[in-house]
Amino acid sequence: MSGRTEGGVKDRGAGVILALAVALTSLLPTSAFAHASDRGHVLLLPTGYYIAGGALAVALSFLVLALLPPASLDRFWRRRLPLFTFGDASRTIISLISFAGFALLVVAGLVGSRDPLSNPLPLVIWTLLWAGLTLLQGVFGDLWSWLNPWYGPWRVLSRLVGSRRAEAPPSRLLNWLGYWPAFALFFAFAWFELIDPAPDDPARLAFAAGTYWLASFVAMLLFGYDDWSRRGEFLTVFFAMVTRFAPVGRLDGRLSLCWPGAKLLAAAPLPLSGTAFLLLALSSVSFDGLSKTFFWLGLFGVNPLEYPGRTALIGVGSFGLVLTFVLLAAVFALAVFLGQRLAGDAQSFAKAAGLLVWSIVPIALAYHIAHYLTVLLVDGQYTLVALSDPFGLGWNLFGTADRMVEAGVVAGAQSAWWLWNIQAGVIIAGHVLAVLVAHGLAWRLHPQPSRAALSQLPLTFLMIAYTIFGLWLLATPTAG
């Protein structure tokens, strides 16, 4: 869960134990923010059972794939169910509506309520956009290209001034930089969300969001909308990568259904900068879960029962965010290198890493869903309330201003049971799908099945270890 969210504690009790609800933290408008708890119940079985089961599921998926003939799996991945066609005629209009909504939210952040649970800006940014839209992109495909608040204004301004930038050759500077601009901006975004003392403060967030929109718009005018969106605007880059997992796709204006992750198998190898971007997407959400655990705080002499708050941990948090990325990148690089050596093939390391990193997408999406599930369930209700009265003037635009927020949706024994099982199940399923995708990508590097299987052994061990780590994060005590 986000660093804005105050977590509870899970115990490792044996047998069938009634799960306990964690109380939502009280909110202070100018200090520690937020919302629902992502770890607020005790496990119904010892943690080791869940971890062993998850690791075994990932390991068995590798064994099954190693024995299946590549041709049958290739036919499995290629299956498509055509749906219907539609055009892009309304894309500009929808984007302009999205931009107008964004502008109103920024105004609400500046002049509206100081309470992050009453002001719609932090709720829309952190709950609907970052938590919710990522999930929708991974299921329904590229919704962001329609909701993007830059596209409509850019099209209008380009027509007014007669700009031909969209038809100009790609920028040599951006080609040289690759995805590093998006990487740097995504790191800044992760730091702001996880480390900054008050990322939910409406005025602070309004300034940051407004400044970022304006800076990105200027970059699009300088480099072209397509070029900057593909390499510099980190939200578009992130959502485009997540979209490749979605079972809903679009080709030549026609929608079709495919297996989740099938489009990843056709992806081109990413350059080093793109590989780093995807690894940062996974490492940042992993550190988010790690940063408040008793284990992490104990490493720096912080008493987790006397949590000092985010301001006191800026240095520790910044170090941890960088360290998590460096460790994940190093372990991933080692797994790819060892896999290449085992396969005994002459494929370059850069090509192998750039291709196999696409198998990270199902894991990153799974962590995102498990991580933000309770935020969506609870803060989503706060969002409905806040949107009806965005400026705190007593309005009731959508008839939801007086709606009672039911935090009990994540409380109680029954809720705790299905919440934990969904989170754990999503993480395990994400790793199993990652093994499937990695095998499909490995066959592109090593057409001989035995070499493809050997090349995946180290990466499979990494995925098993990450499964154990993810389930441990769900079960370990947290502070704050």
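**Hairpin, sheet and helix contacts**

Guide: Start at the hairpin of strand 2 and strand 3, with 2 residues between the strands, where Asp-252 has a positive phi near 55°. Keep in mind that this is a predicted model, in which local features need pLDDT of at least 70, side-chain atom pairs count only at pLDDT 80 or more, and totals for chains, interfaces and linings use all residues. Residues are numbered from 1 along each chain as its sequence is written, and side-chain values use heavy atoms, with hydrogens and water left out.

Visitor: In what sense do strand 2 and strand 3 pair, and over how many bridges?
Guide: Antiparallel, over 4 bridges; strand 2 covers residues 248-251 and strand 3 covers residues 254-257. Two strands pair if DSSP finds at least two bridges between them. Arg-250 has Leu-255 in strand 3 as its bridge partner.

Visitor: What holds strands together in general?
Guide: Strands of a sheet pair through backbone hydrogen bonds, either parallel or antiparallel.

Visitor: What is the strand order in the sheet?
Guide: The order is 1-3-2, in an open sheet of 3 strands with antiparallel pairing. Strand 1 (81-85) and strand 2 are at the edges; each has a single partner strand, so one side of each lacks a neighbour in the sheet. On average, neighbouring strands of this sheet are turned by 30° against each other, direction ignored.

Visitor: How many bridges join strand 1 to strand 3?
Guide: There are 3, and the two strands run antiparallel. Leu-81 stands opposite Leu-257 in strand 3.

Visitor: Which residues is Asp-88 in contact with?
Guide: Trp-146 and Arg-250, leaving aside neighbours within four places in sequence. Contact means heavy atoms within 4.5 Å. Asp-88 and Gly-253 are 8.3 Å apart in space, C-alpha to C-alpha, and 165 residues apart in sequence.

Visitor: Switching to helices. At what angle do helix 3 and helix 4 pack?
Guide: About 130°, with axes 8 Å apart; helix 3 is residues 91-111 and helix 4 is residues 120-140. Axes are lines fitted to C-alpha atoms, for helices over the stretch in contact, and angles run from 0 to 180 degrees between N-to-C directions. The two helices are therefore oblique to each other. Under 35 degrees counts as roughly parallel, over 145 as roughly antiparallel, 65 to 115 as roughly perpendicular, and the rest as oblique.

Visitor: And how do helix 8 and helix 14 pack?
Guide: Helix 8 (residues 180-194) and helix 14 (residues 314-343) pack at about 140°, with axes 11 Å apart. That makes helix 8 oblique to helix 14.

Visitor: Which residues of helix 6 are buried?
Guide: Tyr-151, Gly-152, Pro-153, Trp-154 and Ser-158, in a helix of residues 151-161. Their cover includes helix 3, helix 9 (202-223) and helix 10 (225-231).

Visitor: Last one. How many helices and strands does the protein have?
Guide: The count is 18 helices and 3 strands. Helices (H or I, at least four residues) and strands (E, at least two) are DSSP runs, numbered from the N terminus. Of the 480 residues, 53% count as buried.

Methods:
Buried means under 20% relative accessible area, exposed over 50%, partly exposed in between (1.4 Å probe, protein chains only).
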